[in-house]
Amino acid sequence: MKMLFDQSGNPLSPVAIKNDVDRFGVSYTATVHDIIRRSQSRLTKDIFFKNVAQLMANFKMTRSGLFKGVKYLSGTVQDPNDHVAACFSIVGSDTIHLRNYLSQQNVSHRSRLLVEITSSARNKVILDLWTMFKKLLSVCMSDGSYGLVAASKVLFAVLPEIAQPIDNAQWKSLFKTVDYGDIIALMADEIMAWENQTGQLLDSCDPSGIFTLPSIYNVMAMKARP
């Protein structure tokens, strides 16, 4: 199933996508803006903790489960069960190295990085994400969850220019795969196909001018859920 095309295979209009982005949840929009701004110039351990804690709380992942009690308040992270710390321990250095690699790529704007890097660089990025995703499953898995949702959201929180947060309904009904790398590849291909067919840039559908391509795509994927 595609997010930027209708059931007949026609690309959704830029106006329709802009309207969907514009009226999406205020809390989601504010949080995504925060994590994008905070990680704009670099990624550090402190930024990793803040971004993950804020995003997890916004996505209501902190009410129960492994991330229960995680908070980001007044610039301070509360991680009572050390689960944000566990995520950083297992992929922190990998995410920082990948972020540094991304910053070296010749693109017009960070928000468009996923589609403007070379195909070889994109393949490397997708493989790195898939590797980190599998590592995160070991600390995001619990008795009631395979950890897919949490792992995807940790990566989106710290690498919002290339990663995609995926909830349970999206895994089961939209993407129908547990291969995170395949989903990122499909997202990039679909965005490029939509831009080729419409002659428009997908980021032009963001009224705020702050969203990354994956965060715009996520709005449409959330809308497409059953």
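**Aromatic pairs**

I began by counting aromatic pairs in this predicted model, and the count came to nine. My rule was that rings of Phe, Tyr and Trp (its six-membered ring) pair if their centres lie within 6.5 Å; planes under 30 degrees apart are stacked, over 60 edge-to-face, and the rest tilted.

I looked up Y28 and F211, which form an edge-to-face pair with 6.2 Å from centre to centre and 75° between the planes. Y28 sits in helix α2 and F211 in the loop between α9 and α10 (213-223), so this pair ties together parts 183 residues apart in sequence. For helices I used DSSP runs (H or I, at least four residues), numbered from the N terminus.

I then asked myself: are Y28 and F211 buried or exposed? Y28 is buried at 6% relative accessibility, and F211 is buried too, at 2%. Buried here means under 20% relative accessible area, with exposed over 50% and partly exposed in between (1.4 Å probe, protein chains only).

I also noted one aromatic cluster, formed by F24, Y28, F59 and F211.

**A look at T29**

I found T29 in helix α2 (residues 26-38). T29 has a relative accessible area of 18%, so I noted it as buried. Setting aside neighbours within four places in sequence, I saw T29 in contact with F24 and F211; contact means heavy atoms within 4.5 Å.

**Helices α6 and α9**

Next I checked how α6 (residues 119-140) packs with α9 (residues 180-198): the angle is about 145° and the axes are 8 Å apart. The axes are lines fitted to C-alpha atoms over the stretch in contact, and angles run from 0 to 180 degrees between N-to-C directions.

From α6 I listed R122, I126, L129, W130 and F133, which meet Y180, G181, I184, A185, A188 and M192 of α9. I sorted the residues of this contact into nine nonpolar, one polar and one charged. Ala, Val, Leu, Ile, Met, Phe, Trp, Tyr, Cys and Pro count as nonpolar, Asp, Glu, Lys and Arg as charged, and the others, Gly among them, as polar.

Within α6, I noted that W130 and F133 are three residues apart, about one helical turn. F133 is buried, at 0% relative accessible area.

**Confidence and ground rules**

I read a mean pLDDT of 93 for the chain, with 100% of residues at 70 or more; pLDDT is the predictor's confidence in each residue, from 0 to 100. Confidence is lowest in helix α8 (residues 168-175), at a mean of 84, and highest in helix α4 (residues 83-103), at 97.

I number residues from 1 along each chain as its sequence is written, and side-chain values use heavy atoms, leaving out hydrogens and water. Local features need pLDDT of at least 70 and side-chain atom pairs 80 or more, while totals for chains, interfaces and linings use all residues.

Terms used
Helix = DSSP H or I, 4+ residues; strand = E, 2+ residues; numbered from the N terminus.
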